[in-house]
Amino acid sequence: MNKGICIVTVAPVRAEGSDKAEIVTEILFGESADILEVNKNWTKIKMHYDEYEGWMDTKQIKPISDEDFAKRKVTVVTEDFSSVLMNDGKTLLSIGSEVDFPVVASRRSHDVRESIALTAKEFLNVPYLWGGKSFFAVDCSGFTQLVYKVHNIKLPRDTYQQAEVGETLSFVEESRPGDLAFFENPEGKIIHVGIMLDAQKIIHASGKVRIDTLDSTGIFNKELNKHTHKLRVIKSIL
């Protein structure tokens with residue numbers, strides 16, 4: 001099966017081969033995928049990282065031979081996009097991009113939980129975008145997947161899939177930084193996820209990446225003076 005590499009900073013992956021189609025996720029610079037189908041300006045892909053499928057602009061993915069693909073030695077970009085530039089000095093790279101040259105990565109903390117919390121906080125105020133998965137814009141599960149990716153921990157793409165990973169905690173008070181909290185709609189469907197911080201605080205993408213308080217009911221937004229998301233379960237991934 002043919003393979004390809006994303007050659008732009010970030011590219012939308014859509015439900016169908018049309019600019020009007022819903023963005024289901026994004027693919028970052030250097031991320032790879034199987035090429036399933038090519039229809040003129042649109043290429044259907046299956047991403048190697050999380051096996052997500054969708055359509056992207058054919059001009060934004062470069063085919064690569066099996067031989068060259070096997071030789072790839074990929075480094076994941078762990079710094080924000082202002083810290084890493086391509087050789088042309090113009091192409092900014094998001095956290096989570098994949099490059100074939102060494103990049104300097106500062107260690108946020110020797111403790112992985114603290115490091116996850118610190119990385120998540122770097123996304124504060126990044127705008128929400130349905131299907132977003134970059135330092136430019138994220139959705140809730142794209143945010144958690146990206147933060148965990150730079151710590152070499154693979155999460156599925158969608159919220160409900162992430163909720164199937166890890167061990168369930170019995171009480172909110174048991175949560176530790178780096179745990180994931182999941183939230184449900186009135187029908188009981190899991191629709192939202194965030195990353196736990198210290199002191200029962202949670203960081204999540206809702207309108208923008210923000211920090212709120214979590215209690216046994218759910219997320220309490222002080223600005224709105226109400227609970228905005230109903231808690232379903234907290235999972236320890238680490």
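1. For the bookkeeping, strands (E, at least two residues) and helices (H or I, at least four) are DSSP runs, numbered from the N terminus, and two strands pair if DSSP finds at least two bridges between them. Keep in mind that this is a predicted model, where local features need pLDDT of at least 70, side-chain atom pairs count only at pLDDT 80 or more, and totals for chains, interfaces and linings use all residues. Residues are numbered from 1 along each chain as its sequence is written, and side-chain values use heavy atoms, with hydrogens and water left out.

2. E11 also has a partner in strand E12 (residues 190–196): again antiparallel, with 5 bridges. Here Phe182 is the residue that stands opposite Val193. E11 and E12 make a hairpin with 5 residues between them, and Gly188 in the turn has a positive phi of about 85°.

3. How many residues of E11 are buried? The count is 5 of the 5, so strand E11 (residues 180–184) is largely enclosed by the rest of the structure. Buried here means under 20% relative accessible area, exposed means over 50%, and partly exposed is in between (1.4 Å probe, protein chains only). Leu180, Phe182 and Glu184 are buried on one side of E11, and Ala181 and Phe183 on the other.

4. Now the charges around Glu184. A salt bridge is a side-chain nitrogen of Lys or Arg within 4 Å of a carboxyl oxygen of Asp or Glu. Glu184 has one with Lys230 at 3.5 Å, N to O. Because Lys230 is in E16 and Glu184 in E11, that pair ties together parts 46 residues apart in sequence. Glu184 also meets Arg232 in a salt bridge, at 3.0 Å. Arg232 is in E16 too, so this pair connects parts 48 residues apart.

5. The whole structure has 13 salt bridges. Another one to look at is Lys149 with Glu98, 3.0 Å from N to O. This pair links distant parts of the chain, with Lys149 in helix H3 and Glu98 in strand E9 (residues 98–99), 51 residues apart. Lys149 is buried, with a relative accessible area of 6%, and Glu98 counts as buried at 12%.

6. H3 itself is mostly covered, with 10 of its 10 residues buried. Among them are Cys140, Phe143, Leu146 and Tyr148.

7. Ser134 is worth a click: it is found in the loop between helix H2 (112–121) and helix H3 (140–149). Is Ser134 buried or exposed? Ser134 is buried, at a relative accessible area of 1%. A polar atom of the Ser134 side chain lies 3.0 Å from the backbone nitrogen of Phe136. Leaving aside neighbours within four places in sequence, Ser134 is in contact (heavy atoms within 4.5 Å) with Val10, Glu26, Leu28, Ser94, Phe123, Val126 and Leu146.

8. Last, two backbone angles to check. Lys40 has a positive phi of about 55° although it is not a glycine. Lys40 lies in the loop between strand E4 (32–39) and strand E5 (42–47) and is exposed, at 74% relative accessible area. Glu51, also not a glycine, has a positive phi of about 65°. Glu51 is in the loop between E5 and strand E6 (53–57) and is exposed, at 57%.

Methods:
Polar contact = N/O pair within 3.5 Å; in protein donor to acceptor, adjacent residues only side chain to side chain.
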